[in-house]
Amino acid sequence: MDLFKPHETKQVLDAFSTEIVRSYRSFEKFFSEADRLQAITYCESPQVLLTLFEEHGLEEMTVMVGDRSDFRSGLSEEDLETASRLERLRREGRLEVYVKGGSKAVHSKMYLIEGAREENAQNENREEGASSESVTVLVGSANLTKTGWGYQANYMTAFETRRGSGLHEQFEEDFWAQVDDYGEPFMEDLSKRVQDTDTEEERREVIKRWLSGKSPERPPVEQITAEATEQMARGAPAEEGASGGRGIGGGAAAEDAGPDRRIHLSLRDYDESDRSDLQRQIQEHGGSVAGKEARISPGGLGKWMTQEWGVPPLWTTDGGVWLAPPGGEKERLTAGAPPDPEEIGSVLTAFEGYFESVEEDFARTRKPKAVKAQMAEALFWFMWAPFVNRHAALFRRSGVEDFGKQLPFLYIWGESSSGKGTLAQYGLRLVSGGQVTQPLDGSELGVQATRQLRHLSSAFPVVFDDAEVQKIKRASPLRNYWSTWEPGRRFPAIAITSNDSRPPGWFQNRAKTLQFSVYFEETPEAQVRLSRVQSGWPRLFAWAGREVARQFREGEVDPMEGDVLRPVREAIRGLYRQAEREVPGYLPLEVPAEVEHDLDRERWLRLWRSEAFEPSYREGSLHLVVRPGSLRFAGAIRPAQAAAPAGPGPEERDDNCGPSSRGVLGLARRR
């Protein structure tokens with residue numbers, strides 16, 4: 001019914017009504033005679049949008065599907081004609097579809113329908129500047145899909161105004177504010193691909209490959225693993241409390257549980273040799289092939305990827321972090337922290353026990369606080385690594401195209417028995433629920449390995465342990481590791497441990513470099529002591545990872561903040577607060593450890609203050625010459641690599657002059 005008389009709202013409304021909408025047919029009546037539709041809604045598939053557009057003869061339509069980022073999954077490989085018509089309408093500028101692209105889903109339901117109520121077009125009481133074209137704005141709970149209408153009713157409010165009125169302009173502003181903040185164009189990648197086609201046959205072939213998720217630019221292994229992990233991700237509940245089950249944080253959704261669960265993969269669009277190779281590998285790892293269709297369990301996929309490439313499938317959703325371990329079901333690794341402060345405190349005690357081992361009888365160091373801080377920084381990196389692709393998406397949405405130097409590799413260096421390899425194992429155990437513990441051998445680092453990692457569609461961190469610096473120099477793809485990343489792809493974060501303090505300068509600029517200046521005696525007692533303190537670590541990542549996922553979901557992560565590990569620092573701080581415990585002074589919760597404890601800078605300062613050197617400047621370099629009777633040392637360094645008192649000189653880095661304050665780290669393999 002109308003709530004206002006026309007004369008009471010003539011400057012704002014032609015009419016205002018409330019509606020109880022009991023069926024989809026009654027909801028569709030709002031679109032009869034419409035010329036143009038703008039909507040923010042839920043929609044089950046692109047086919048529904050095309051049907052609405054064509055059945056009502058719309059001239060233009062803009063729709064944001066506010067809580068779905070995988071809208072393409074609503075089209076199968078048989079929907080070639082539907083996809084073709086949708087893409088053509090998009091390229092003509094008549095149909096725009098946006099999907100969830102930001103950190104938040106948009107739960108709004110609003111519809112701006114122009115030309116729908118023709119009887120109001122003759123209204124003579126018009127606001128100055130407004131046209132005669134009628135606009136109906138619906139706000140309520142109804143979705144633009146037929147699902148659910150058989151057992152639910154919806155309540156709507158209907159505002160009837162005119163195009164160009166103040167009310168219409170406000171609704172338009174609200175509509176586009178939500179699209180701009182949280183939307184991402186749907187089919188934009190497809191339109192770019194078809195632009196390069198010359199014939200209709202070529203165009204249809206491109207669309208066919210797009211529907212199957214196949215891209216000629218990506219190798220078969222990436223396409224098959226991406227499709228498999230997407231299927232598992234679509235079966236994951238969006239929120240932590242959505243299901244019970246296995247795993248640290250609740251495990252698999254009910255529909256995905258059980259040994260008979262299979263991932264269905266189409267092999268139709270691969271050429272004969274690629275298809276034969278994929279069939280062989282799928283069957284070798286417990287899968288089955290019938291014709292050009294393959295099936296494999298999540299555990300089989302995990303076994304295949306881990307054995308072949310050392311990287312199990314790991315992905316993030318708004319609800320947390322998921323893993324498909326070798327031979328098992330997919331598991332959620334994250335969960336909410338328990339309400340009991342003592343239970344949280346017991347895990348934090350074990351966490352602290354690892355760092356405090358630096359001061360045990362079997363360890364020797366002159367800088368215990370600095371070493372503990374850098375060990376903690378490395379583990380913080382591991383807890384951040386599963387979210388690296390989320391961070392990449394934030395940079396891209398913020399307009400940062402070249403973000404490779406903002407997503408640091410982890411580089412840990414130290415002498416033999418400094419504990420860097422042990423930390424790599426602990427970090428892997430931490431982010432895998434204890435199921436992956438061994439890093440890759442540093443000898444495997446190279447051009448082929450680093451290229452291959454980008455094609456596995458997994459966010460599991462990769463660690464190359466005990467790599468020689470020459471291996472890093474030859475792994476040239478690390479220079480532009482993130483250059484081919486785009487939304488929808490998953491690249492693993494990479495970590496490297498080494499005895500060498502001087503990796504190439506280009507690598508230093510892309511890495512978080514940490515120094516383990518400590519010596520651990522490798523006695524049985526020491527090994528037992530360290531193995532005990534890390535037994536509860538997976539629970540720490542379960543709680544901290546869940547909080548990091550929430551920060552990304554709620555839009556609280558600022559990509560311009562500079563410290564990409566900030567979400568992890570905040571999560572750890574929150575756990576100490578819940579446990580009602582004082583934070584140890586060595587934990588780097590404010591400033592990155594390599595910034596607060598720059599051991600090489602401190603060493604240079606000590607040498608400078610010792611007056612053991614005679615400084616001089618030649619050809620833009622600072623030369624330190626040992627004074628007689630002081631030290632057996634002489635060298636030349638760039639001023640940028642020296643301590644601040646070194647004086648003037650060009651601000652540049654000498655690639656052969658020690659580590660920077662940046663670094664790198666990575667993953668593990670189970671053979």
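In which loop does Asp 196 lie? Asp 196 lies in the loop between α5 (188-194) and α6 (200-212), where helices are DSSP runs (H or I) of at least four residues and strands (E) of at least two, numbered from the N terminus. The model is predicted, so local features need pLDDT of at least 70 and side-chain atom pairs count only at pLDDT 80 or more, whereas totals for chains, interfaces and linings use all residues. Residues are numbered from 1 along each chain as its sequence is written, and side-chain values use heavy atoms, with hydrogens and water left out.

View 1. With a relative accessibility of 63%, Asp 196 counts as exposed (exposed means over 50% relative accessible area, buried under 20%, partly exposed in between, with a 1.4 Å probe and protein chains only).

**View 2. A salt bridge between Glu 114 and Arg 36.** The two side chains meet at 2.6 Å, N to O (a salt bridge is a side-chain nitrogen of Lys or Arg within 4 Å of a carboxyl oxygen of Asp or Glu). This pair links strand β5 (residues 110-114), which holds Glu 114, with strand β2 (residues 36-41), which holds Arg 36, 78 residues apart. Glu 114 is buried, at 2% relative accessibility.

**View 3. A salt bridge between Arg 88 and Glu 200.** The side chains meet at 3.3 Å, N to O. Because Arg 88 lies in helix α3 (residues 80-91) and Glu 200 in helix α6, the pair ties together parts that are 112 residues apart in sequence. Arg 88 is partly exposed at 33% relative accessibility, and Glu 200 is partly exposed at 38%.
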